[in-house]
Amino acid sequence: MTVPKVLPHRAHRHCRVPAARETLESSKGRYTAMVLTRSSVVTAALEAAVRAPSPHNTQPWIFELAPDTIDVVLDESRVLGACDPEGREARLACGAALLNLRLAIAAAGRVTDTEFLPERERPSLLARVTIGPRHRPTMTERRLAAAIPRRYSNRRPFSEQPVPRGVRTAVSEAARAEGARLILPAEAGSLEATARLVRRADHLQGLDDDFQEELRAWTRQEAEDDGVPAFAGGPRSAGGLLPGRYVRESGAPRVFEQDPLVAVLTMPNDAPMSQLRAGCAMQRVLLTATDAGLSASFYSQPIEIAPVRAELRDLLGGTEHPQTVFRLGYGYPGVKTPRRPIEAVTRDRREVRR
Ligand SMILES: Cc1cc2nc3c(=O)[nH]c(=O)nc-3n(C[C@H](O)[C@H](O)[C@H](O)COP(=O)(O)O)c2cc1C
C-alpha cells in the first residue's frame, strides 16, 4: 500500500501564473501539435472528472475550456433544494471532480496549477486548472488515477474483515494531503454516538415531505444518465447501526458488518472554499481506499440537517467542521452508476456570456 504524497501541484488563490502560451504562439506548427496533445489530455481529464461522486448523482458541474485551462463551474440548477440548500454537498462533488481532473492530467504527464475561486465576482466559478509543462507522474498519481474508474458507492453489507492499521493511516494521510482531517469515531470511542446522530437525522428526513419528494425525483427505475438507479441501492439493514439511503424495497433485510469503519471528514473552517477543498480531500480518501481494495458508502444525513451537524461537530471536539460521513470496508462487488456524456457538461470558455 502506497501512502499518498502531495501532488507536485501548486494551489493558490487570486494569483495568475504564466501558462505555456509562449510556446503555443511561437510557431503555427508547434501550436497545432500542442493543441492536439492537449486535447487528448483534456478528454482524459474530463472523462475522469465526471466519474466523481455527487449527491443523488446530480453531477452539479460544468467544465469551461480554453486552450490551456479547464474551469470547474458549479451548475446551480443542479443544487438540491431540500437536501443541500446551501450547496455545500454540490461544492464537495465539484471538489471531487477537480481532484479527478488534477490526477488525470498529472497521470497523463502534465503539471497542473490550480487557482481556487479565481474570479471574486463569479462565485460559481470554483476553480481554474492550468495545464502546464511535461511532468513524470509519480507512482501515487498513477495509482490514484487508475482507481478513478474503479470507485463507486457500495451500499451493500461489507465483510467483517477489519481494515488494517496501515490502510487507516493511508486514508488519514490522504485527507491531510488536501488540508482536511479524517476522524474515525471508533478510535475516539464515539462510534455509537455518531451512529445515533445518523439515525436521528435519517428519521427527521423521513418526516420531511420536500426531502422525500426530491429523493424520489432523483431515484430512477432504469439507468439514466443522472440520478440514482434502483440497482445501485442497498438492501434494508436488519437492525443495523447505520440507516442507508436508496434502500431497495424488495428483498429480505440483510445483516451489515457488526463493527463498521465510519469516517468523518472535517475541515478547520466551513467557508465555500473549504467545502471545495473538502471535496478534493474526500475524493483522495475514496481513491486511496479503492486502491487499497476497500469499498465505501456515504451517510450524509447528519451533515444535511444543520442542528444535527452542529451536534456532530460538538461530539468531535467542537473545533473542526464536519463535511461528510462515510463507511469503509471490504465489500462484495457492486455496480456503477451512469454519467452524462462529457459533451453535455462542457462548453467553450469564450462562449460564456457574463
Ligand atoms: C457529498 C455527497 C453526499 C452523498 N450522500 C450520500 C448518502 O447520504 N447516501 C448514499 O447512499 N449516497 C450518498 N452519496 C453518494 C451518491 O449517491 C453517489 O456518489 C452517486 O449516486 C454516484 O454514484 P457513485 O458514487 O457510485 O459513482 C453522496 C455523494 C456525495 C458526493
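1. Let's start with a pair of helices. In this predicted model, helix α6 (residues 191-206) packs its residues Ala 193, Thr 194, Leu 197, Arg 200 and Ala 201 against helix α10 (residues 306-315). As for the geometry, the axes of α6 and α10 come within 10 Å and cross at roughly 180 degrees. That angle is why α6 counts as roughly antiparallel to α10.

2. A second pair of helices is worth a look alongside the one above. The axes of α4 and helix α8 (residues 272-291) come within 8 Å, and their crossing angle is roughly 90 degrees. The two helices, α4 and α8, are therefore roughly perpendicular. From α4, the residues taking part are Arg 143, Leu 144 and Ala 147; from α8, they are Leu 287, Thr 288, Thr 290 and Asp 291. Sorted by class, the contact of α4 with α8 has three nonpolar, two polar and two charged residues.

3. Now to the ligand. How many residues surround the ligand? There are 22, and the closest are Pro 53, Asn 57, Tyr 152, Phe 298 and Ser 300. The shell is made up of nine nonpolar, nine polar and four charged residues. Domain 1 (10-150) and domain 2 (165-329) each give at least three residues to this shell.

4. Which elements each supply at least two residues of that shell? They are α3 (88-107) and β10 (295-298). The largest share, three residues, comes from α3.

5. Two residues deserve a check of their backbone angles. Most residues other than glycine have a negative phi. His 56, however, has a positive phi of about 55 degrees although it is not a glycine. You will find His 56 in the loop between α2 (28-49) and β2 (61-66). Is His 56 buried or exposed? His 56 is buried, because 22 other C-beta atoms lie within 10 Å, and 20 or more is enough for that label.

6. The other such residue is Leu 117, whose phi is near 45 degrees, again a positive value in a residue other than glycine. Leu 117 sits in the loop between β4 (110-116) and β5. With 18 C-beta neighbours inside 10 Å, Leu 117 counts as partly exposed.

7. Next, have a look at His 135, in the loop between β5 (125-134) and α4 (139-147). This residue has 18 C-beta neighbours inside 10 Å, so His 135 counts as partly exposed. Its C-alpha atom is separated by 8.5 Å from that of Ala 108, although His 135 and Ala 108 are 27 residues apart along the chain.

8. Finally, follow the chain to Arg 236, which has its place in the loop between β8 (228-229) and β9 (261-267). What does Arg 236 contact, leaving aside its neighbours within four places in sequence? The partners are Val 247 and Pro 253. Arg 236 counts as partly exposed because it has 18 C-beta neighbours inside 10 Å.

Technical notes: Residues numbered from 1 in each chain as written. Predicted model: local features only at pLDDT ≥ 70, side-chain atom pairs only at ≥ 80, totals over all residues. Near = placed C-beta within 6 Å. Helix = DSSP H or I, 4+ residues; strand = E, 2+ residues; numbered from the N terminus. Nonpolar A, V, L, I, M, F, W, Y, C, P; charged D, E, K, R; others polar. Domains from an automatic or database assignment. Axes fitted to C-alpha atoms, helices over the stretch in contact; angles between N-to-C directions. Parallel < 35°, antiparallel > 145°, perpendicular 65-115°, else oblique. Contact = placed C-beta atoms within 7 Å. Buried ≥ 20, exposed ≤ 12 C-beta atoms within 10 Å, placed from the backbone.
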